[in-house]
Amino acid sequence: MKHGREYLKKKESNFLLKHPKVNSSLAILKLIQGYFWCSVSAPVLAFGFPLILVCLLGFSIGYNYAFPGAFCLGSIIIGLNILPSTIIDFKKSTLLKRISVTPINPTRILLSICLFYFFVMFMSVVVITMITCLIFLKYWNNGPVTSIPTVPPTGISMPSLSMVLSHVDWMGFLYSSLIIMFISLACGLAIASFCKSPTTVLSIAVSIMVSTIILAGLAVPNMIVKSNDALWYLGYFISPFKPATNMAAEAWNGSYNFDGSPLWASGNMTNLDGSHIFRFNQSYAVYSCLALPGVPTGRVVILDETGKILDFLLPFGWIVGLGLIVMKKFKWTGR
């Protein structure tokens, strides 16, 4: 964020003072977007890193495993790292002192930052989804052939990209993506309430992000995490994103099928029960052909009725809880 801080210093003169009150919100948004693009690392973390990770996972473990949660990785990175770092840099700059002598309320700056990064999160999901689908477009009609670790190795034909996309519950995926964005904003504001330096922000962000990638289905398929109850339930305590990423995975894996016929073919992971994130009486079960120690094969229930209800309610608990922390602890103190 070094270049972003240098950008703020250049704008400390009379940038906001030149704008009347009616245009102050646009001036603030212009200032924030300039900071975002000048910081260099922020666009890379928001768009570049998630795209690289999705492609690596897509070619290694299969795009039907990697796509659902990894698409939202950009939103999580923005909330955990970029958003709180931006707020801290604004606190440390002299802009707030200059703004205090204008009709602009500093709260408007905070709301503008949240609004801008919410838009960036949404664009991150859209851009990463579109680009990765274009990268895997060669598998539109015929899926890639992979192998499972048996002796001898068994070839498995993964589902085609057209089949994967045709069975996505797009409204459910959009809903879960929006929930992830709101949780990311709440986490970012909570982190900014406690941290006083970008280094501390980075330490907390990396800790939460790594645990989320491993335990919330962003890089490791849910059937592997589900095979170990300790890891599965630990994810709920150390990652606020796990319930929402569970919903994203369920929405992505064939939620439009309600006729009882399985959507999986050749032993691929798909939603066997054709469940829906809002149909709590339908369990979310997938087919697993991973021949790994301790990992079940065949039909694996990821979420039963109780689990789906908890996954629906827990994100709101996280958002409210983190919101109360922000209301109590957040201060616009520069040092």
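Predicted model: local features only at pLDDT ≥ 70, side-chain atom pairs only at ≥ 80, totals over all residues.

Residues are numbered from 1 along each chain as its sequence is written, and side-chain values use heavy atoms, with hydrogens and water left out.

Begin with Phe36, which is found in helix α2 (residues 24-38); helices are DSSP runs of H or I with at least four residues, numbered from the N terminus. Phe36 has a relative accessible area of 0% and is therefore buried, a word that means under 20% relative accessible area, whereas exposed means over 50% and partly exposed lies in between, with a 1.4 Å probe and protein chains only. Leaving aside neighbours within four places in sequence, Phe36 is in contact (heavy atoms within 4.5 Å) with residues including Phe47, Ile82 and Tyr117. Although Phe36 and Tyr117 are 81 residues apart along the chain, their C-alpha atoms are separated by 9.3 Å.

Tyr117 also touches Thr86, as do Tyr35 and Ile113, not counting residues up to four places away in sequence. Thr86 lies in helix α5 (residues 73-92), and Thr86 is buried because its relative accessible area is 0%.

Further along, helix α13 (residues 242-252) is mostly covered, with eleven of its eleven residues buried, among them Lys242, Glu250 and Trp252.

Ile238, in helix α12 (residues 229-238), has 35% relative accessibility and so counts as partly exposed.

Methods:
Helix = DSSP H or I, 4+ residues; strand = E, 2+ residues; numbered from the N terminus.
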